[in-house]
Amino acid sequence: MSVIAEISISATEFELGRIMDVSQSGTVELESLVPTGERAVPFFWVYEADFDAFEATVTSDASVSKLVQIDTYDDRVLYTFEWSVENDAVFRSIREVNAYILNATGSGDSWRFELRFPSHEAMSTFQERCRDDGIGFEVIRVYNPNDPDLGPWFGLTQRQREAIVLAVENGYYDIPRDCTTVELADSLGISDQAVTERLRRAIVRLTTNTILTSKED
């Protein structure tokens with residue numbers, strides 16, 4: 001049976017945390033991580049930070065290329081860049097044990113990850129590989145997808161719940177559709193690409209914590 005672990009890692013313990021330094025102010029939220037061969041393209045929101053200083057820090061890293069602002073608002077910016085996963089022991093280990101990143105948020109000098117592992121053995125392997133690479137982290141909690149601690153939202157984050165409720169209430173899933181991702185984006189104050197990704201993650205999490213759990217049981 002699969003298992004979900006919430007862990008906290010110091011930003012200095014892994015490469016992406018060091019690259020996206022918001023230790024002085026701000027928050028980073030990973031929206032998605034798109035693999036492209038040996039490299040990856042992370043899409044991530046940065047909230048209430050010194051954006052000029054953040055961009056200078058990111059672009060000064062030799063492993064980063066093509067930092068791009070996708071969307072810009074008063075208090076947040078959606079960025080992406082090309083980056084090599086192989087240089088980051090944490091993300092490399094996540095990939096090697098076939099874990100799935102449900103959520104990843106950086107604030108201050110630490111990051112909080114919510115990871116779904118295919119089994120307890122896979123989670124143990126991940127811990128061993130991190131330990132072998134000298135990476136320490138704190139395990140906040142470990143639970144099965146059908147754990148009652150998931151609460152009334154089945155593990156959805158507040159932003160994911162807000163997006164999927166708005167989509168359903170406005171007829172996004174009706175046939176024919178009564179609204180578009182652009183209209184949802186305007187209501188949420190984010191880009192239509194971010195809406196699409198947030199809905200995708202919400203559906204994956206709902207399926208993970210409901211249908212897949214029933215199938216495994």
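**Arg 116**

I started with Arg 116, which sits in strand 7 (residues 110–117). Helices (H or I, at least four residues) and strands (E, at least two) are DSSP runs, and I number them from the N terminus. The model is a predicted one, so local features need pLDDT of at least 70 and side-chain atom pairs count only at pLDDT 80 or more, while totals for chains, interfaces and linings use all residues. Residues are numbered from 1 along each chain as its sequence is written, and side-chain values use heavy atoms, with hydrogens and water left out.

Is Arg 116 buried or exposed? I got 10% relative accessibility, so Arg 116 counts as buried. My cut-offs: buried is under 20% relative accessible area, exposed is over 50%, and partly exposed is in between, with a 1.4 Å probe and protein chains only.

Next I checked what the side chain of Arg 116 does, and found a polar contact with the side chain of Ser 2, at 2.4 Å. A polar contact is a pair of N or O atoms within 3.5 Å; within protein, one must be able to donate a hydrogen and the other to accept it, and residues adjacent in sequence count only if both atoms are side-chain atoms.

I also looked along the chain from Arg 116 to Arg 205: they are 89 residues apart, with their C-alpha atoms separated by 9.8 Å.

Then I turned to the partner, helix 5. Two packed helices are described by the angle between their axes and the distance between the axes. For helix 5 and helix 7, the axes come within 9 Å and cross at roughly 100°. Helix 5 and helix 7 are therefore roughly perpendicular to each other. Which residues of helix 5 make the contact? I noted Arg 159, Gln 160, Ala 163, Ile 164 and Ala 167. From helix 7, the contact takes in Arg 198, Leu 199, Arg 201, Ala 202, Ile 203, Arg 205 and Leu 206. Sorted by class, that makes seven nonpolar, one polar and four charged residues.

The terms I used there: axes are lines fitted to C-alpha atoms, for helices over the stretch in contact, and angles run from 0 to 180 degrees between N-to-C directions. Angles under 35 degrees count as roughly parallel, over 145 as roughly antiparallel, 65 to 115 as roughly perpendicular and the rest as oblique. Contact means heavy atoms within 4.5 Å. Ala, Val, Leu, Ile, Met, Phe, Trp, Tyr, Cys and Pro count as nonpolar, Asp, Glu, Lys and Arg as charged, and the others, Gly among them, as polar.

**Gln 160**

I zoomed in on Gln 160, in helix 5 (residues 158–169). At 4% relative accessibility, Gln 160 counts as buried. Not counting residues up to four places away in sequence, Gln 160 touches Leu 102, Arg 198, Arg 201, Ala 202 and Arg 205. A polar atom of the Gln 160 side chain lies 3.1 Å from the backbone nitrogen of Thr 157.

**Helix 3**

Helix 3 is mostly covered, with six of its eight residues buried. I wrote these down as Ala 89, Val 90, Phe 91, Arg 92, Ser 93 and Ile 94. At the N-terminal end, Asp 88 caps helix 3, with a side-chain oxygen 3.0 Å from the backbone nitrogen of Val 90. Arg 92 has 18% relative accessibility, so Arg 92 counts as buried. Leaving aside neighbours within four places in sequence, Arg 92 is in contact with Val 85, Glu 86, Asn 87 and Asp 133.

Most residues other than glycine have a negative phi, and most peptide bonds are trans. I found Asn 98 with a positive phi near 60°, in the loop between helix 3 (89–96) and strand 6 (100–107). Glu 48 has a positive phi too, near 45°, and at 59% relative accessibility Glu 48 counts as exposed. The peptide bond from Ile 175 to Pro 176 is cis, with omega near -5°.
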